[in-house]
Amino acid sequence: MFSRKNKWVKFLNNSVWDYKVPININNWWYFGSLLGLMLVCQIISGFFLSTHYVAHVDYAFDSIVHINRDVNYGALIRGFHINGASMFFFFMYIHIGRGIYYGCYRQAGVWYTGIVLMLLLMATSFLGYVLPWGQMSYWASVVITSLLSTIPYIGPSLVEWIWGGYAVGQATLTRFYSLHFILPFIMVIVVIIHVGLLHETGSSNPLGLYDPSGVGMRSFHPLYSCNDLFFCLVAMGYLIKLSAFHTWAFVPCENWIKADPMTTPKHITPEWYFLWVYTILRSAPTKGGGVALMVLSILVLAILPLVPMTHWQGGTQFSPVGKMLFALWVSNWLIMTWVGSQPATWPFMEETVYSTVIYFAFFPVFLLNLALKASKFQLDRSLYYKLWILILYVSIMITIFYNLPESIKWTIEDFLAN
Amino acid sequence: MAANKLMSAVAKLAPRAVQGGAKPTSMIPNMKIGTPWAGLKTRGELVEAGLMDESELSEQHKNVFNFSYFPEVGLMWDDLAYGRDPTVREALRRLPPDVHAARMVRISRALLLSAQRKVLPEEEWTTLESDIPYMAPYIEQVKREKEEMKEWKSKD
């Protein structure tokens, strides 16, 4: 029955046991399986929470208090769920960064299913954040769902349709609970597609080289299965430490207050994993512009496989300039995460603009650098330097414009209008 | 059979190649890395013969080449061609067997070095002058054929 001649056993054997993995993969490659682990943890802990949670505006907050105080190990399970979500995002950002750095986006199917998973995870975590029905939960749901009103023509109707009424209320909470329950299972299906597509082409490696001879490949078991198990145990250990000793580190203090539609918190900020998106949202002077930039900030990842790298393997491992650009981009992302947590005053509002410009400018500059390198040292130096000067010039102009005194700004706008 | 011979050749030669202070060894019997084979010339020789512009060996190109890490693991520029790209796959199919085997050996050696987090001794690093653009003619050939095919099909 378990003979390797059995087609199902053979399939499983080739997908897991004897799946060929490059010998030189480093620690950045383990975050994929860690993400799978976190998904399973979230589903299990979420299931146990769902047996005690009540999706009613009057009882939701109290049911959370009941879970914390009365349910056996309820606080611990809730801690697993909250901190598990943070770890999930932490691993996901590292996973994406690995993909950009090592050029793994050349496997387009895997990359695009990964973007879908990213969007699903963001949606799931937002929906889950609303469920405790604390002050921050309620007002975060109001802010984020209201953003959809910027969609032309259908925006306001769409928002009311999502709310299930004229404001965030009972109908909203119930449907958010249902969606939060079902989306992880959709994520499981997309994960299976993601891994299946990966197994079609095989895993990439730090050198980005494709080795059909098989000399540099090893079976997944026992080398990588044991490595994955080790890292999973480390991650679980860290999750337990966070949940046991720093259970509420990621819970804002406003969320310990029951939702009050009549009282708006002073600073509405999302969880740390959305702060960079929040920075981009706040960088534009108009609501619609902010929403458009926010959506683009995730969809911009989709252009990576489309750039014609032609016959040269993508990735920064052989491009010193690419490495510097990547380091700048990651630093900028960290700054964006910090700036998003700050109030909407000087100097943070100006900083949101600079960091958004750097975030978006990274992609064409990074990809152009790789594409130029791919043209086999036929570097058109003048074009290369012209591009750098152009980007510098545009950045300076945007910076100056935003720092100009108001009187001069109005003069320029009047001139352009006339 | 041929793959087994190749693997045993790599297994025998690779350890010596990565030990510090070892005498430079060639991965291909009777051929040094960078020695032209199958009539191919290095970049240095192509520039001397006037088949390549002198600016190919400029200081800027040398710096870009030397700081790119792949010479430290004994790879050539054409070894970085993306093996899953259809054009490159066809070009690889058309490579002479000895050139293809040498490419596989260099790639395998680079993967083994990368796994051990090591690099070759400095005297074995590829240099811009010793780099051989062995795949460029085949890639150009495949690209031209694809363009011709496209032109033919557009006439239908």
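Hi everyone, let me start at the interface: between chain A and chain B there are zero salt bridges, taking a salt bridge as a side-chain nitrogen of Lys or Arg within 4 Å of a carboxyl oxygen of Asp or Glu. On the side of chain A that touches chain B, α13 (348–374) and α14 (381–403) each supply at least two residues; helices here are DSSP runs (H or I, at least four residues), numbered from the N terminus. That side of chain A has 15 nonpolar, 14 polar and five charged residues, where Ala, Val, Leu, Ile, Met, Phe, Trp, Tyr, Cys and Pro count as nonpolar, Asp, Glu, Lys and Arg as charged, and the others, Gly among them, as polar.

Some housekeeping. This is a predicted model, where local features need pLDDT of at least 70, side-chain atom pairs count only at pLDDT 80 or more, and totals for chains, interfaces and linings use all residues. Residues are numbered from 1 along each chain as written, chains are lettered from A and ligands numbered from 1 in written order, and side-chain values use heavy atoms, without hydrogens or water.

How many residues take part in the contact? Chain A gives 34 and chain B gives 38, with contact meaning heavy atoms within 4.5 Å.

Now, confidence. The model scores ipTM 0.77 and pTM 0.83. Chain B averages a pLDDT (the predictor's confidence in each residue, from 0 to 100) of 74. Within chain B, helix α1 (residues 2–18) is lowest, at a mean of 49, and helix α5 (residues 97–116) highest, at 88. Over residues 13–38 of chain B the pLDDT is below 50, yet this stretch has 44 contacts in the model beyond near neighbours in sequence.
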